[in-house]
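Please read them with the structure open beside you.

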Amino acid sequence: MFVLALEVDDGDTSRLFTVAETERIWTELTAILPVGLPAVAPFEHWGAALANKPGVVTLYERPAPAVTS
């Protein structure tokens with residue numbers, strides 16, 4: 001079973017949302033991820049890779065803030 005974990009961090013607090021592939025929102029959520037986060041590949045790409053080799057895949061990680069002096 002696929003489970004998508006989304007962490008939303010606004011700097012002061014963070015929340016973790018989990019969505020299993022059996023939930024009604026799964027299809028819509030995985031379809032809109034590449035729209036909101038263009039660096040995320042469509043589900044067909046990473047889902048197929050995980051089906052062949054189960055594990056954990058990081059789909060998107062926000063870049064660290066630039067260090068200023």
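**Notes on the core and its aromatic rings**

1. Trp-46 has a relative accessibility of 10% and therefore counts as buried, where buried means under 20% relative accessible area, exposed over 50% and partly exposed in between, computed with a 1.4 Å probe on protein chains only. Please keep in mind that this is a predicted model, in which local features need pLDDT of at least 70 and side-chain atom pairs count only at pLDDT 80 or more, while totals for chains, interfaces and linings use all residues. Residues are numbered from 1 along each chain as its sequence is written, and side-chain values use heavy atoms, with hydrogens and water left out.

2. Trp-46 belongs to the largest nonpolar core, whose nine residues also include Phe-2, Val-19, Trp-26 and Leu-50; such a core is a set of buried Ala, Val, Leu, Ile, Met, Phe, Trp, Tyr and Cys residues joined through side-chain atoms within 4.5 Å. Helices α1 and α2 (43-52) each supply at least two residues of this core, and α1 gives the most, with three. Helices here are DSSP runs of H or I with at least four residues, and strands are runs of E with at least two, numbered from the N terminus.

3. Val-19, another member of the core, is in contact (heavy atoms within 4.5 Å) with Phe-2, Val-3, Leu-4, Ile-25, Trp-26 and Leu-29, leaving aside its neighbours within four places in sequence.

4. How many aromatic pairs does the count come to? The count is four, taking rings of Phe, Tyr and Trp (its six-membered ring) as paired if their centres lie within 6.5 Å, and calling planes under 30 degrees apart stacked, over 60 edge-to-face and the rest tilted. The pair of Phe-2 and Trp-26 is stacked, because the ring centres are 6.4 Å apart and the planes lie at 10 degrees. This pair links distant parts of the chain, with Phe-2 in the segment before β1 (3-9) and Trp-26 in helix α1, 24 residues apart. Both Phe-2 and Trp-26 are buried.

5. Phe-43 and Trp-46, by contrast, form an edge-to-face pair, 4.8 Å centre to centre with 85 degrees between the planes. These two residues are three apart in helix α2, so about one helical turn separates them. Phe-2, Trp-26, Phe-43 and Trp-46 form one aromatic cluster.

6. Thr-30, in helix α1 (residues 26-36), is in contact with Phe-43 and Trp-46 when its neighbours within four places in sequence are left aside. Thr-30 counts as buried because its relative accessibility is 7%, and its side chain reaches the backbone oxygen of Thr-27 at 3.2 Å.

Conventions
A polar contact is a pair of N or O atoms within 3.5 Å; within protein, one must be able to donate a hydrogen and the other to accept it, and residues adjacent in sequence count only if both atoms are side-chain atoms.
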